[in-house]
Every structure is written in C-alpha cells, then in structure tokens.
Amino acid sequence: MLRHVLRRVLWAIPTLFGVSLVVFFVTTLLPDPAGEDADATLSLLELDPFRFDELDEKRRQHFLDLPRFFNARPADVRTRAEEALARVVAADATSTLAAHRLVRMGGAALPFVLPKLDNLPPTQRGRVAVVLAPIAERMGLGDAKVLSDPEQAALFWQRFWEDRALDFTSPAVRRAVHRLVLHGTDIREKDLVLVDTFALTETIAAMQTTTDREALHRLTSLAVHATRRGHRITPASSDADVERAISDWRAWWFIHKGDYEQLDGAERVAGSLTETRYGRWMLGAAKGELGLSTRDGEPITRKLFARAPLTLGLTALAMLLSYALAIPLGVLAAWRRGTAIDTTLAFVLFGLYSMPTFLVAQVLARTPGSWSLTAPVVALTVGSLATLSRYQRASMLDVIGQDYVRTARAKGLSAFRVVVVHALRNAMLPTVTLAGLQFPALLGGAFVVEEVFALPGLGWETLRAVETHDAPWLVVIVLVTAVVTTLAILASDVAYGVLDPRMRESFGRRGRREVAA
Amino acid sequence: MTERTTPPGEEPFDGAMPLQTRKRSVAPPPSERVPPSMPPPALVPAPEGTMRQVLARMRRSRHAMLGLVAICGLFLLSVFADLLASDLPILCRVQGTTYVLPAVTHPAALAGWDNARVTAEAGPGGFSLAPLVPYGPRQTASGADVAPLVAPSLSRAHPLGTDAFGRDVFARLVHGARTAMSIALLAVLAFVSLGTLLGALAGFFGGPFDGLVSRIVETLTAFPTLILVLVVQALVPHPTTATLLITLALTRWTEVARLVRAEVILITSQDYVLAARALGASPARVLWRHVAPNARAPVLVSATFGLASVVLIEAALDFLRVGLPGPVPSWGEMLSESRDHLAAWWLLVFPGLSLFLSVVSLNLVGEALRDALDPRLHAAVGGSGAAHAAGDGDRPTIAPSSTAFDGTTHA
C-alpha cells in the first residue's frame, strides 16, 4: 500500500514537471504585454524615459528579456557592460539605449568599462566618458561642467580609476558593508556611495541577515541611492513595513542581479538553464514565489492563498453534501428496486445528471432571498449527487445479490439490518473511490459557480485572468488543479485500500512483482 | 473472416460482443465449417451483425427511442434552421429575379436586405415566402416593430421574445442548435479520430510509445476538462472556432484512446490474430479486420457521451464569455445574457431548456447504447427490454472509466 502511494507520488513529480513545461511553453506564445517593437521602444526612451523604465521593469519582472528554455549565452554584468560599451563606441541607433543601460548598471559596470578607456581613440573615449556622467553625479563627484566636456571627462574617469580601482573589489566592499552594519558611520556610508551599485550584492545580502533598524536604514538608503527605486527603512518603521521592504528588495534582486553580479564558471554553465524564463520561474517557485500577476502586479502566491480557501471550502462542502445525500438515496433505490420510489428517483436523478452546473447556478442565482453560501453549494452538489447515487444504487444491487447477504437474511436478520450493516460497507466502496474523480469535476464546477455568484475564489480570479491574458496566474492555476486532483485521486486510492483489505493485498503484490522484474 | 471459425475455446472474450461470437461458434452452419486456410465462403460479416443486434436491443428501449427521436429532431432543426428563422425569405421574386433561399446563397443584390424590405420593394409581380419567424439570429433592432427585450407572445413576429439587442430569441435558439450540433459533431469527430489513432498505435506497438501515451492520458485525466479548455482558450493569442475545436479535441481524446488501446491489446493477444499474422496478414489488416470491429462499439458509446459533454462544455464556455468569438448565436451566449437581464425570464428558460433537453437525449441514447453492449446485463436478463423499462438500464459500469462520469455534467 505504502509502496503504491510512494510510486504514485514519485510519478506525479515528473508529470507535473512536464505539465509545467508544456503550459509554460504555451504561455510564451502570448504577445509580450510590454511590446517588443524595438523602434518604438527606442523613441519612447527619448520621449519619456520614466515610462520606458516602467515598461522595461515590467518586462523584466516577467523575465521577458530572457529566452524561454535555453540560454546559450547567459548574460552577467561583465557581458552586459562590454556589450553596452561596444554599442556606445559604435554610436549607432541603439547607443542611446546602451548608454541608458550602462548608467543603470552604474558602479558595478565600471570595472569592465574604465580599464578599456585607455585603448580607445580619443573621440570615442570622450563619448563614453560623457555617457558615464550620471554615475559620477550619483557618487557625488566632479562638477557638471567637467563631466560634460569629452576631454576633461575622459581625464576625470582615467584618474578616478587610477585612484579607486582597489575599492572596486568584493573583499573591500564586503569589509566596508560589514563595518557599516556594525557601527554605522556617515564616512563609511560615503565610501560605499562612491562604489555605487558595486556594493549592491553585499548590501542586499546584509539586509537579509541584520535586524538592527539603524543598520537597515543605512543599507536601504544606500540601495535606494544607487538604484533610484525601492523603499527605505527608517528607525521608526513598523515591523510589517520592514518585512515588506526587505522582501521587496529580495524580489527585486532576484530579477535584477544579472545587472550587477558576475557569474563564475559553474554559475555560467548553470545559467544556460537558470537564466531563462522557465528557469527563473522555477527558481522562484522553489522559494514559494510564483511570479507576479500581469493583471494587477500582485504576487501570485499571495493571491493564491487569498483565493483558494473559498474554492476548496465550496468544493469540500459540495462533496460532503452530495455524499451525505447520495448514499442513502442510492441504497433506498436499490432496496426498493422496481417500485415507484426507484422509478421516480431514477427519473429525477437522470434529469439532475444531465443538468449543467452553470444552468442550475444561474437559476438559483435568480431566486430571490439571501442565500450566502447555500445556493453555490447546492448548485455544485446537483451534478455529483446524481452521479454518485446512481453508482451507489448499482453497487448496492451487486452486493444485495451476493450469497452472504442471502445468508444474513436467512439467519433471520431484518432487511434493514442486512442492508445497513452487512451490505452497505461493501457497497460503499466503489462510491467512495469515486471521490477522487468527483473532486476534479467539482472543482471545474466551482469555477463556474463562483463566476455566477460573484464569489472571489480561484475560479473568479481565473476568469479575470482569462480576460486579461494573465499568463503567470494561468500557469499556476493549471498546476494547482493538477496537484489538487492528483492528491484527491491518491487519497481515494488510499481510502480504498483502507476499506478493502483485498485491494491492499493486490496493491502490495503488484508492487513486489514490479520490483522483482 | 476465416479466423472467426476457430474453436470456441479460442474465442475472444472482450466484453463487447460475446453474445454474437458465442452464438456463431457454438453452432456454426455446416457451410462455414471450412479449414482456416481455405478462402471463406460468403458469410454475413460479423461486425454489421453485431451492430444490427445492438440496434435491435436499443429499439426495444422506449427511453432510447425517445432520445434518438429528440436528437434527430435537433439535427433537422439545425439543418433547416434557415427555413424556420431567417432575415431573408425562403423563396422570393424581387424586381423580376427569383431567389431561392437567399439566406443560404447570399446573392449580392440582396446584401443587407431583410424580410420587410424584400416585401416592400418586391416590385410588380414580386412575391416573398417568409420563413416561420422572419428574423435572422443576428438581426438587431432596426425598425419600429423590433424592440429590445420583448416578452414572448403568440404573435408571429417574436414568439419567444427578443434579447437586449432586439435579436429574436427563436431565431437565435434555432441557429444556436446549429452551432451546438456542428461544434459537437466536429469536435467529436476530431477527438475520436485522434484517440483512435493514438490508442491503436499505443496498443499495437507497445513499448515506450505506449508508455508515453498512457502517461499523457493519465495526466490529462487529472485535469478538470473545463479548466483546461478555459486556460488554453485564454492562452491562444487569437481564439477562433477552430482553436476551440482543436482544444476540445486535444483535451477529450483520452477516453477513446484508452478504450481503443485496451481493445487492441486484448484482441492482438488472441490466438486467432496470431494465426492471421502467421498467415501473412499485415498489422494494418489485423487492426482493420479484427480490432476495429470490436473497438467500434465502445467507441460509439464514448462518442455519444462525448457529444453531450462537448455541447455542455461549449455552452459553459460561451456562458463564461470565453467561447466562440463574435456574434455567433449559441445557447451558452444567450444564457450569459440572461445574467445581465434578470427580469427577462425567456432568456434563461428557452436556451436552458434546449440545452437540457439535448443533453438528456444524448445521455439517454448513450446509456441505452452502453446497456445494449453490456454483456452482463444480457447474460442476466436475456436481452429483454424489461431491463431498460424497469430502470435497470441506468446501471453504470463500476469502473472509473465510464465516460459519463468524468465530470462532463459539471461543465
């Protein structure tokens, strides 16, 4: 029995993996919500840089800048900086965009840009140096006049690198951040401002470990200063604010760390899989972060936990109600087989059985009066009630025809006792096993019922997602239904094994034979 | 069909048609007692005989006949929808030209016309034979006589009322029947073909391919069909009727594949198939002459229930407004309109009733077919019609395999 359960669970893992791959592939066929028209993007950058950043951020939040499943050249800060530099030097149509990116990467990109300045011809050197001006401004160095003149700017940056190359090393920054956390001083903070985004790796790592408000204040201020986004934590912030700010920084870092961090050898190899849309999504999922909804930007995980209880509760209630009604009805019909009761029941149940859930729901929704959860549960129950009681009747008839029932009757037991005590236990088996298959059906029904009664459950949310092509939510809902139904089927298998020793035996045998083979 | 004359002990017991084969093998007429290697004399082909027997059994069931009649009626309704309700006449003579069924042939001269205009501008010698209800399913309120949300009345104009756009409910109902029937037939055709193909290949070749197909079947079964179709429909960039059909086919083929695969495995392991192969029959011949006749019946049952489930799913999708794009008349879409106009009971009752009755009829026929094919029932009652009449007919097979019980009604 245990082996059977284990086998099913083990099978479920690759199956879910496969399903996620397929669904994910289908979602990538959807048009890019932020638009991928390169020319339009470029002109937008000149017209409205803020709007551009917003769109760009949205694309990156959904990893649309990455390939789907395989990344032959995973990009890190080094490749990005070098590419941007080459494009600025080439001064072609994309150089504005490259310059914008370079400024965003900031200090982290400098170790890959500044040493190369010496080898460039003077005009190109000047062009690059002018492009870098906003970084110096962020660091609080130089004055605008110097930085906007190509020749002087080039000189400034050359001197800058001669003076400060040693500051741009991880050990130095790590030490500096460590000291800032231990005894925060303004001087230490100023040192870190001077390396700009180069300090982000350590800053954000330190945010996760320290709980000291003062240190957090300094760390978040640094990060905000370097990235021009995000939330500061002040010594007066509430615990919830601190929690939210830190998780926001963590999520941001998860998306953007490729702009600031260098991949080492092993990471580069793994990057061909992880630096993809699917890879990033899976990495996030492993941490319980299922991405952001494209509809309202809320985290999918939070939405899922907010919506699921209603749907699962609705389904469970409907399941309970239909079993509670179906078993007695089925037994009654079988017991009074051929009588008017049986015929009427068969007639009514057949009608209910052919009744679409959404129609029942719609009829009930029109019925005046405040129903709260009663009407949705009743609407959901109708279909499965009919199925289950028809099953129950059939299996009861099977059991009643058996010898041991006749024996019990012959011993002089009352018909009631025979039916309820002797026959029912065996006759319930097939019906109970059916629960695993009823569950997916009810879940599908619940989606419709929620929509009709405007209940904000998974189904309601899914229909909104369908309207807005919210791919991240749709992927997750498919996987969640798959997991839930797999669990339901597994549970009904286990229930069968518990209720029927013969099944337990046969599960075990099959398992052993397969191991031997 | 030489192989059919093998000794009784080697008969296939496949659960689908044992009665027929047993009868033939227990008392084969002398003319049929020929060595297997000789060419067979002209026999009545077994499969047709089986189907005839099944039909004969079904004919004894009053419920099944009722359902069958209703479905035939529905088909006639959808085929002749243009005669019952259309914005153009059945036959007319306008300004010297005679048009037959202009609603179907779409003559350029009458583009944009309706019945009222045809009557008004028929000219000398012109006449027009209007359909039962002189409005088309997409014809919106235009004239003074067409108003939105007209209640049903016995007048000829709008016997079942109009919807919020002034479209005639009867016309939409009749044309909705056409939509439902054509979608259902096409989808069932598609998923039966797909399921048969994959099931037959999986059963015949076995090995890794079989493993793959079985796994896919198992995976797809774990999903609520409605949710799957909903999501796929949402993820397709430009949903059309074709994508809906493809989605339905891709999600519903598993049942047929499972049935066919089981049948193929069962039949190909029979000695007479071995004998046939030893005689040089190709795999294709084995599949066609031995497996296909046996698999036909369960697939037919599955297809019948499949029709019901596709009608339901399509209606549910339209009800949720994610189904057919555009102004295609459909029952589900009418029902979804009733959500916005609670007072207009006719928008709920008529399409709801049509949907319910067609699903009931399809289920009745499906159940009768399944009962007619269920050997246990006939072993017990000897195939008498009493079983169906007494309500024994709704005995479901106790296995999670039955098509009717995988949630199709919960759409």
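In which handedness of crossing does α7(B) pass α10(B)? Before I answer, a word on the source. This is a predicted model, in which local features need pLDDT of at least 70, side-chain atom pairs count only at pLDDT 80 or more, and totals for chains, interfaces and linings use all residues. Residues are numbered from 1 along each chain as its sequence is written, while chains are lettered from A and ligands numbered from 1 in the order in which they are written.

Let us begin with chain B. Its secondary structure comprises 17 helices and 3 strands, taken as DSSP runs numbered from the N terminus (helices: H or I, at least four residues; strands: E, at least two). Chain B has 411 residues, of which 47% are buried, that is, with 20 or more other C-beta atoms, placed from the backbone, within 10 Å of their own.

I turn now to the two helices. The crossing of α7(B) past α10(B) is right-handed, meaning that the near helix is turned clockwise from the far one by less than a right angle. The axes of α7 (residues 169–205) and α10 (residues 241–252) of chain B come within 8 Å and cross at roughly 45°; the axes are lines fitted to C-alpha atoms over the stretch in contact, with angles from 0 to 180 degrees between N-to-C directions.

Which residues in α7(B) meet α10(B)? They are B:Ile183, B:Leu186, B:Ala187, B:Ala190, B:Phe191 and B:Leu194, and their partners in α10(B) are B:Leu245, B:Leu248, B:Ala249 and B:Arg252. Contact here requires C-beta atoms, placed from the backbone, within 7 Å.

Terms used. Two residues are in contact if their C-beta atoms, placed from the backbone, lie within 7 Å. A residue is buried if 20 or more other C-beta atoms lie within 10 Å of its own, exposed if 12 or fewer, and partly exposed in between; C-beta atoms are placed from the backbone.
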